[in-house]
Amino acid sequence: MSQQSHFSLSFFYAFISLLFIHHVLASTRTTPQVQTFNTKPDTINPKLPPRTLSSSKKFEGSSDLVHLRYHMGPVLSSTPINIYLIWYGRWANSQKLLIKDFLNSISPTTVAAKPSVSEWWRTVSLYTDQTGANVSRSILIAGEYTDSAYSHGTGLTRLTIQQVIASAVKSAPFPVDHKNGIYLILTSQDVTMQDFCRAVCGFHYFTFPSMVGYTLPYAWVGNSGKQCPEVCAYPFAVPGYMGGGGPGALKSPNGDVGVDGMISVIGHELAELSSNPLVNAWYAGEDPTAPTEIGDLCEGLYGTGGGGGYLGQVMRDRQGKTFNMNGRRGRKFLVQWIWSPELKACSGPNAMD
């Protein structure tokens with residue numbers, strides 16, 4: 001090795017040693033910590049105990065298991081879809097406003113942060129009828145009727161709910177809108193309903209002309225806050241048998257467990273009512289009296305990575321409130337995903353992939 005080469009190597013090793021010493025000294029100096037204010041919500045994928053209401057219709061994404069078919073019936077393609085709200089029982093104004101804020105967040109003109117309720121409804125709007133007309137993306141609250149006197153009692157059935165609708169449409173100026181309208185009956189927490197808490201948290205169907213005078217698509221959803229929150233307001237309440245030994249309930253986004261739980265059920269029923277209003281359009285299975293619909297296929301799934309007891313990736317804000325989409329006026333909601341006819345899987349606006 002020549003002297004010149006040896007000198008070059010010696011210089012190189014000396015330079016590297018100096019760099020190392022400088023790095024060690026620099027790393028031992030204390031530097032002031034800069035505190036940053038993080039306003040972004042955390043992302044979590046909680047695992048919770050199963051609901052006490054069994055769900056035999058639950059599929060979390062395998063298109064091999066799902067045979068969703070179109071049966072040639074109509075979808076709600078009118079623009080806008082007119083929703084007529086029937087408030088049965090006693091409701092606080094704050095509860096009414098929360099539900100109406102959700103409904104008013106569906107239309108694409110709504111100003112809301114992403115992921116939004118409007119983006120969630122876009123999946124519903126992918127469903128078409130035989131003419132190629134899509135489910136409308138616009139929804140309008142076209143009328144409200146309040147029955148705080150419980151005129152049909154505090155215990156309702158699937159038949160007496162149609163009497164509630166009949167009373168409403170006979171009460172001017174609450175209209176009969178059999179072309180562009182749907183009727184959403186919401187019962188307060190002290191009203192019982194046939195099969196409520198045991199088999200259903202909500203349902204949709206259509207009225208019989210013999211009872212109401214017209215065929216009107218409708219949906220019913222009850223406030224489970226005092227009757228069965230662990231069933232119908234899940235995951236904001238968990239089954240009592242968990243005691244203190246299992247995962248706790250998640251904090252509801254708007255501080256009202258019963259109504260926050262209702263909102264996901266309302267979304268579920270509206271999605272199915274819009275894509276299958278007369279129970280002869282979009283559903284899986286061969287029995288139209290017990291169809292598996294686009295909400296049933298994704299029940300219990302709220303984000304990417306859901307299934308097997310996991311809700312999926314959802315968000316948690318600085319107050320610990322859990323949500324997966326945003327609405328108007330800064331509202332936050334936790335709403336289940338919907339089956340996408342394009343992806344052939346459950347889909348939502350907060351998808352991570």
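Me: Hi! Which ring does Lys-332 lie over?

Reply: Hello! Lys-332 lies over the face of Phe-323, at 5.4 Å from the ring centre. Keep in mind that this is a predicted model.

Me: Thanks! And what about Arg-158, which ring does that one lie over?

Reply: That would be Phe-203: Arg-158 sits over the face of this ring, 4.2 Å from the ring centre.

Me: Okay, now rings with rings. How many aromatic pairs are there in the whole structure?

Reply: A search of the whole structure turns up 17 aromatic pairs. Take Trp-87 and Trp-91: their ring centres are 5.3 Å apart and their planes meet at 65°, so this pair is edge-to-face.

Me: Why edge-to-face?

Reply: Because the planes are at 65°, and an angle over 60 degrees counts as edge-to-face.

Me: Got it. Are those two Trp residues buried or exposed?

Reply: Trp-87 counts as buried, since its relative accessibility is 0%. Trp-91 is buried as well, with a relative accessible area of 11%.

Me: What kind of pair do Phe-102 and Trp-120 form?

Reply: Theirs is a tilted pair, with 6.2 Å from centre to centre and 50° between the planes. The pair links distant parts of the chain, with Phe-102 in helix α2 (residues 93-103) and Trp-120 in helix α3, 18 residues apart.

Me: Buried or exposed, for Phe-102 and Trp-120?

Reply: Phe-102 is buried, at a relative accessible area of 0%. Trp-120 is buried too, and its value is 1%.

Me: Which residues do ring pairs link into a cluster?

Reply: Tyr-84, Tyr-145, Phe-174 and Tyr-183 are linked into a cluster by ring pairs.

Me: Changing topic: what volume does the second largest pocket have?

Reply: The volume of the second largest pocket is about 190 Å³. It has 14 lining residues, and the closest to its centre are Thr-123, Ser-340, Leu-343, Ser-347 and Gly-348.

Me: Which helix or strand gives the most to that lining?

Reply: Helix α3 gives the most, with three residues. Both α3 (117-124) and β16 (345-347) supply at least two residues each to the lining of the second largest pocket.

Me: Nice link! How do the lining residues divide into nonpolar, polar and charged?

Reply: For the second largest pocket, six of the lining residues are nonpolar, four are polar and four are charged.

Me: Last one: how does anyone find empty space in a protein?

Reply: Rolling a probe the size of a water molecule over the atoms shows where empty space is left.

Notes
Residues numbered from 1 in each chain as written. Predicted model: local features only at pLDDT ≥ 70, side-chain atom pairs only at ≥ 80, totals over all residues. Heavy atoms only, no water. 1 Å grid on protein atoms, 1.4 Å probe; cavity = no way out; pocket = protein on both sides within 12 Å on 5 of 7 lines; lining within 4 Å. Points joined across faces, edges and corners; volume = space filled by probe spheres on them. Helix = DSSP H or I, 4+ residues; strand = E, 2+ residues; numbered from the N terminus. Nonpolar A, V, L, I, M, F, W, Y, C, P; charged D, E, K, R; others polar. Phe/Tyr/Trp six-rings, centres within 6.5 Å; stacked < 30°, edge-to-face > 60°. Buried < 20%, exposed > 50% of the residue type's maximum accessible area, 1.4 Å probe, protein only. Lys NZ or Arg CZ within 6 Å of the ring centre and 35° of its normal.
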